[in-house]
Amino acid sequence: VEGPDQELCHDGVTDIFVQTDDGSTTLIIVDVEDNPFVDGEMDQTFPNGTGTIMDDLTNLTNDVQVVIYNVYAEDPTLPCPGPINQIEVTIYPELMVTFPPTFVCEGECVDLTPDIVGGAGMPYTYQWSTGQTSASINVCPVVPTTYSVTVTDVLGCQDVGEVQVDVKPPVEISLPESIDVCKDDNFNPNDPDYFVCLDIIS
């Protein structure tokens, strides 16, 4: 029995066409080796020598998981089943796109670069809400603004990350017009022995 290996995003459906090597209509049996970290795999049978394995598989972890399908033909007129062919399905962890808390001071700009974990890996493509397609963008908001980016990995897995960039007003410092200080009898203008403490009001 012939069938290809496959790679899936963390929640995907297999599409594996299997058929007998000689094109006969012999019964095909699919036995799955249970993976406790994957949900959705099932044993199957195809009575006419062909079939499509369509399991909705979900990776329940943050690591790459593999599901192994043992596929073989079984002719009731023969004493033994045919040779077993192993088909491997690799399920990648969920692609997640996040940002740290971000702010700018009024009149300033900031670079936005998403943190990416999981998925099938690089190269990535980026689609920002601003229309840009670079890995990072520079923004200069005048009011709190939310930006989003859709990241797609090498297998086509996608996730959308959002970040609100807050805009902080400048810090204002209020100082008195004059300061009165006291000195002791040993005051030396070149080596003062007193301190002036100011309260900064922001």
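Biologist: How many aromatic pairs does a search of the whole structure find?

Modeller: The model is predicted. Aromatic pairs are described by two values, the distance of the ring centres and the angle of the planes. Searching the whole structure gives a count of one.

Biologist: Which two residues form the pair, and is it stacked, edge-to-face or tilted?

Modeller: The partners are Phe 99 and Trp 128, with ring centres 6.0 Å apart. Stacked needs planes under 30 degrees apart, and edge-to-face needs over 60. The planes here stand at 55°, so the pair is tilted.

Biologist: How many residues apart are Phe 99 and Trp 128 in the chain?

Modeller: Phe 99 sits in the loop between β11 (96-98) and β12 (102-105). Trp 128 belongs to strand β15 (residues 125-128). The pair links distant parts of the chain, at a separation of 29 residues.

Biologist: Are Phe 99 and Trp 128 buried or exposed?

Modeller: The cut-off for buried is under 20% relative accessible area. Phe 99 has 15% relative accessibility, so Phe 99 counts as buried. Trp 128 has 3%, so Trp 128 also counts as buried.

Biologist: Pro 101 lies in the loop between β11 and β12. Is Pro 101 buried or exposed?

Modeller: Exposed means over 50% relative accessible area. Pro 101 has 85%, and therefore counts as exposed.

Biologist: How far apart in space are Pro 101 and Asp 166?

Modeller: In sequence, 65 residues separate Pro 101 from Asp 166. From C-alpha to C-alpha, the distance in space is 8.8 Å.

Biologist: Is the peptide bond from Met 122 to Pro 123 cis or trans?

Modeller: Most peptide bonds are trans. Pro 123 is in the loop between β14 (115-117) and β15. Omega for the bond from Met 122 to Pro 123 is near 0°, and the bond is cis.

Biologist: Which strands pair with β9?

Modeller: Strand β9 spans residues 65-74. Strand β4 (residues 27-33) joins β9 through seven bridges, antiparallel. Here Ile 29 has Tyr 72 as its bridge partner. Seven bridges, also antiparallel, connect β9 with β10 (residues 85-91), where the partner of Val 71 is Asn 85; the strands asked for are β4 and β10.

Biologist: How many of the ten residues of β9 are buried?

Modeller: Strand β9 is mostly covered. Its buried residues number eight.

Biologist: Which residues make up the covered face of β7?

Modeller: Side chains in a regular strand alternate between the two faces of the sheet. In β7 (residues 50-53), Thr 50 and Thr 52 form the uncovered face. The covered face is Gly 51 and Ile 53.

Biologist: Which residue stands opposite Thr 52 of β7?

Modeller: β3 and β7 pair over four bridges in the antiparallel sense. Opposite Thr 52 stands Phe 17.

Biologist: How much space lies in the largest pocket?

Modeller: The lining has 14 residues; Asp 22, Thr 26, Ala 73, Gly 82 and Pro 83 lie nearest the centre. By type, the lining divides into six nonpolar, four polar and four charged. The space in this pocket is about 180 Å³.

How values were computed. Residues numbered from 1 in each chain as written. Predicted model: local features only at pLDDT ≥ 70, side-chain atom pairs only at ≥ 80, totals over all residues. Heavy atoms only, no water. 1 Å grid on protein atoms, 1.4 Å probe; cavity = no way out; pocket = protein on both sides within 12 Å on 5 of 7 lines; lining within 4 Å. Points joined across faces, edges and corners; volume = space filled by probe spheres on them. Nonpolar A, V, L, I, M, F, W, Y, C, P; charged D, E, K, R; others polar. Phe/Tyr/Trp six-rings, centres within 6.5 Å; stacked < 30°, edge-to-face > 60°. Helix = DSSP H or I, 4+ residues; strand = E, 2+ residues; numbered from the N terminus. Buried < 20%, exposed > 50% of the residue type's maximum accessible area, 1.4 Å probe, protein only. Pairing = 2+ DSSP bridges.
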